[in-house]
Amino acid sequence: MNEIEAMRMTLTDVAALAKVQRPVVSMWRKRSAGSAHPFPKPVALNGGLELFDSGHITTWLTDTGRGNNPEAANDVAAFTRMPGMTADGTRGNTFETLTALLALKAITGNSLAQLSTEELLDAADEFDPDDTFLYSEMEAAGTSLASTAAFADELVDSAYNVAAAFEHLLAARFREGLKDYSTTALTDSAVGLVAAAGVELAATLGGDSVFADSTRGGSDLLMGVVHAAGEEAPVTFLTADDDGDSGRLVRRRLRVHGVDCGQIHLDPSGEFAVQGPVVHVAQYPSPGESGMGGAQILAAVEQLLLQMDDQQRAVIIAPARVLCDPPMDVSLAALRGDLLRIGRVRAIVRLPQGLLRAKPREAQALWVMGPSLADNPNAGRWTMVADVSTQDLTEDVKQDLVSDIIASMGTRAMVRAHAFRFARLMPTQQLLASKSLVPAPPHSSVGMPTGAEAALRIEELGRLLHSGESPTSQVVTTHDNMTNQADSIQKLMTYGALKHIKGNRIAEADLNPQKGTRVLGPPELLDPHNAPHRYISLLDLAANYPASRLTQPDDVVFCTSPRPAATVDAHGGSVVIFPAKVLRVDAADPGGLLPFVVASDINGLSPTDKAWRRWRLRRVPEAQRRKLGDTLARLQHEQQQALERLGQLHEVATLITDGVASGSLTLIDPSSNLAEPQTKGTQ
């Protein structure tokens, strides 16, 4: 068997084949050493990674009965590594060859293993005479083409059909190091969101659905549309006539899935034209241009916008730093503003992090484009904006977000009639004047009552808590419906109203549970009443950590993981341990910030919201700031007294229970002051 015929696996592949966890395979390997059936030895190394012969693995699984997959011998091809060497020992472009062979197999419906190299090339020339999607890939395989075709047949047998085998190869792009195809790959939830929005937009156009992707090499979004539209809805796709590897792969993938496909002619400048009712779906950067910068992305979006008419819609996904966040470059901000002035951008959505597999910390964003508002004066133009960066893209979130997007395509009257869950109507002029196109939603407590309801409830609780005495706080309802301004932490830091101080890196061995200076870290923030107390000696702190700093009174100590949590260090003098951090309000110019409100805003955030610089903090009017601070301090003192009383009551109950049960204490009747008769033996 030559290199191309050998099917090899890593230990991770073995675990997937056997349907067990990866550590289980290591345990098998260790415990079977010296037994009658030792685990197979590796046959090769690839970058330090051990590779095992798939035949040896399936024989061992069969002989030992290990694993949870009785069909392992039949399924093994779907879990092996792609052959990476040609027959003459040089590195081959096996991925392209295999996908081309699968496309040929899908077209002919016949086995490929029985065909010679010449017969395979003749078939490729027959079905691809213009060499638009598979002939060159097969020809490049040279003398290894026939053995690769045999592997393609085995792969299809393991995956049960050609389409599943093709998708298996694409799923393996990450482990195989195919950077051109993996650096731009989106998660299933991101693809599903874009596809669902595209399908719903197509439904508003009427007639047969036509989807266009003018990027170089994009196909994940198109396949998402195939799944979202369902088998009964006929769809037609238009793709770029790009002759690069990624562009040809798109055509092979669509052919394997039996999808009708036409081509869009792209000029070298990137210009193109599409006629009639069409929904454009696009991702930037695309697989064929994975190195696109911000200016290139916006230039591509401009080409798309300029060729659109009122019959067309578009949904694009790209990094949020390009589409909506404050740009690092002034020229990018100007270019983005020019695109908004065209009047076709109807919705802007900031999405959460983790949607781009290769860059999980880079947030993505959507632009949804539709009928032009160019006829409206600048003052009358509007755009829908939504920030779901702290939301998990669950099915209900995606459905409601798509509903908001579809509503944004309507007239102003239609928009006002829709009950939006995530989106808000923003004047386009206001967006153009702001650095960020998607302001974070205003902070509000869940289920927050109206002013009148809150005032009545405060009065009722005051009577209950103080038993007829004067309540702690007196409030009146205001009627101007003014919403207090909220700003992001980053903006407040820029203004100077807020200062960020990093936590100290302290070794756990230097902490003790009894004496010294109090320590505040994530455990104390997440569970302030039950977390064990931790302290550090000031002498040890000064000797071992001379650069460390203590908190000042009213510093806000917070953490972001595993969820946002904060507390106000009213007295100061504490040691904050990394990864906890400190926010310090400028006493001379607080800008309306109040430490207790800052902590409350942080504690009310979504557990998934980790981008602390984007957190929005409410600012209190200066006339109310001191009164609110005094009231909250008084209420916090009463809360502490209540907790201490609760602890004392618990201690009393424990002492009485243990004493009476053990016979060391006797309960007496307070009215008679007489003890009950003692039982014999009781002291």
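Helix axes here are lines fitted to C-alpha atoms over the stretch in contact, and angles run from 0 to 180 degrees between N-to-C directions. Helices (H or I, at least four residues) and strands (E, at least two) are DSSP runs, numbered from the N terminus. This is a predicted model, where local features need pLDDT of at least 70, side-chain atom pairs count only at pLDDT 80 or more, and totals for chains, interfaces and linings use all residues. Residues are numbered from 1 along each chain as its sequence is written, and side-chain values use heavy atoms, with hydrogens and water left out.

**Helix pairs**

- Helix α6 (residues 117–127) packs on helix α8 (residues 145–159) at an angle of about 75°, and their axes are 8 Å apart.
- That angle makes α6 and α8 roughly perpendicular (65 to 115 degrees) to each other.
- In contact terms (heavy atoms within 4.5 Å), T117, L120 and L121 of α6 meet L145, A146 and A149 of α8.
- Sorted by class, that α6–α8 contact has five nonpolar, one polar and no charged residues; Ala, Val, Leu, Ile, Met, Phe, Trp, Tyr, Cys and Pro count as nonpolar, Asp, Glu, Lys and Arg as charged, and the others, Gly among them, as polar.
- Over at helix α1 (residues 11–18) and helix α2 (residues 22–31), the axes come within 8 Å and cross at roughly 105°, so α1 is roughly perpendicular to α2.
- Here L11, T12, V14, A15 and A18 in α1 meet R22, V25, W28 and R29 in α2, giving six nonpolar, one polar and two charged residues.

- Three strands form an open sheet in the order β1-β3-β2, with antiparallel pairing (two strands pair if DSSP finds at least two bridges between them).
- β1 (8–9) and β2 (44–46) sit at the edges with a single partner strand each, so one side of each has no neighbour in the sheet.
- Two bridges join β1 to strand β3 (residues 49–53), and M9 has F52 in β3 as its bridge partner.
- Helix α3 (residues 54–64) packs on the sheet, touching β1 and β3, and its direction makes about 70° with that of β3.

**Cavities**

- A cavity is a set of points on a 1 Å grid over the protein atoms alone where a 1.4 Å probe fits but cannot get out; lining residues have an atom within 4 Å of a point.
- Of the 20 residues lining the largest cavity, G217, G218, S219, D220 and P287 are the closest to its centre.
- α13 gives the most to that lining, with three residues.

Notes. 1 Å grid on protein atoms, 1.4 Å probe; cavity = no way out; pocket = protein on both sides within 12 Å on 5 of 7 lines; lining within 4 Å. Parallel < 35°, antiparallel > 145°, perpendicular 65-115°, else oblique.
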